[in-house]
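Please read this briefing with the sequence and the structure side by side.

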Amino acid sequence: MISEVKPDPTRFILIGTSHPGNVGAAARAMKVMGFSELVLVRPRFEDVLVQEETVAMASGAADILVRARVVDTLADALDDVTYAIATAMTPRDFGPATITPREGLAALARSEAAHKVAFVFGSERYGMANDDVYRCHAVMSIPTNPSYGSLNLAQALQVLAYEWRQAQGGFAVESRTPDPELASGQAVQGALAHWQKALVDIGFLDPAAPKKLMPRLNQLLNRAQLRQEEIHILRGIAKALSDRCRGQTPS
């Protein structure tokens, strides 16, 4: 069963993107997290949304590209946005507060205001200009390895799209396999009886002095929370052991 994706007031803005593949990969990253609104500001190539590399890297997210807008300025891209987040370093002189994805986005999701949120990404080579950062309400810093913090544009977008979706509750994980049928207590006792006979047959268990072997095996099987098919396997092994002791070929 596929979880229904509700419309989400979230926009991803890419400024001056140089590589068509990054635009396609960004669209794919957005779609897997249930987001759909992409705006490009002065991309290097005017036809970037329809280039072969872009569509190939989108890998099934062509609908994001079809609906994407291309605008001339960041101001145009931020129309009706009430909370913009820059993915850049905070300027040295002054600027918006720096937040982290997990804590910062969780706080934003809990906000009483119903924000139209935009994540703003700079060009691959130069990042965001300070004037563009000043237009934003916060700067997002992704915690990375201090000695190597270089993230590809689409990788960074994927991280933030995931964290923003999780902050809003995330998607349910649907199992591809049915819930296991756990063995009943009666089935476990049957397997134990079968194994007791096999252990006696192979000389491992002395029926005259059993001590605590069988109760310990009972506790072991209880902790294992065996499935019904696993009970069948254990009983099959016990039967094969007994048959071998009697000189029979296991059936």
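The points below describe a predicted model.

**How α5 and α7 pack**

- Two packed helices are described by the angle between their axes and the distance between the axes.
- Helix α5 covers residues 101–109 and helix α7 covers residues 153–167; they pack at an angle of about 45°, with their axes 8 Å apart.
- Angles under 35 degrees count as roughly parallel and those from 65 to 115 as roughly perpendicular, and α5 and α7 are therefore oblique to each other.
- The crossing of these two helices, α5 and α7, is right-handed.
- On the α5 side, the contact is made by Pro101, Arg102, Leu105, Ala106, Leu108 and Ala109, which meet Leu160, Glu163, Trp164 and Ala167 in α7.
- Sorted by class, the contact of α5 with α7 has eight nonpolar residues, two charged residues and no polar ones.

**The two sides of α5**

- Pro101, Gly104, Leu105 and Leu108 are the buried residues of α5.
- These residues cover an arc of only 90° around the axis, so they lie on the same side of α5.
- Arg102 and Glu103 are exposed, on the other side of α5.
- The buried residues of α5 pack against α7 and against the strands β4 (83–87), β5 (97–99), β6 (117–121) and β7 (138–140).

**Thr17, a buried loop residue**

- Thr17 sits in the loop between β1 (10–15) and α1 (20–32).
- Its relative accessible area is 2%, and because buried means under 20%, Thr17 is buried.
- Apart from its neighbours within four places in sequence, Thr17 is in contact with Asn22, Val23, Pro43, Arg44, Glu124 and Leu153.

**Phe171, a partly exposed loop residue**

- Phe171 lies in the loop between α7 and α8 (185–201).
- With a relative accessible area of 33%, Phe171 is partly exposed.
- Phe171 and Gly34 are 137 residues apart along the chain, and their C-alpha atoms are separated by 9.2 Å.

**Loop residues with positive phi**

- Lys211 is in the loop between α8 and α9 (213–224), and its phi is near 55°, a positive value in a residue other than glycine.
- Lys211 has 75% relative accessibility and therefore counts as exposed.
- Gln225 is in the loop between α9 and α10 (228–245); it is not a glycine, yet it has a positive phi of about 45°.
- Gln225 has 56% relative accessibility and therefore counts as exposed.

Definitions and conventions:
Residues are numbered from 1 along each chain as its sequence is written. This is a predicted model: local features need pLDDT of at least 70, side-chain atom pairs count only at pLDDT 80 or more; totals for chains, interfaces and linings use all residues. Side-chain values use heavy atoms; hydrogens and water are left out. Axes are lines fitted to C-alpha atoms, for helices over the stretch in contact, and angles run from 0 to 180 degrees between N-to-C directions. Helices (H or I, at least four residues) and strands (E, at least two) are DSSP runs, numbered from the N terminus. Angles under 35 degrees count as roughly parallel, over 145 as roughly antiparallel, 65 to 115 as roughly perpendicular and the rest as oblique. A crossing is left-handed if the near helix is turned anticlockwise from the far one by less than a right angle, and right-handed if clockwise. Contact means heavy atoms within 4.5 Å. Ala, Val, Leu, Ile, Met, Phe, Trp, Tyr, Cys and Pro count as nonpolar, Asp, Glu, Lys and Arg as charged, and the others, Gly among them, as polar. Buried means under 20% relative accessible area, exposed over 50%, partly exposed in between (1.4 Å probe, protein chains only). The arc is that of the directions from the helix axis to the C-beta atoms.
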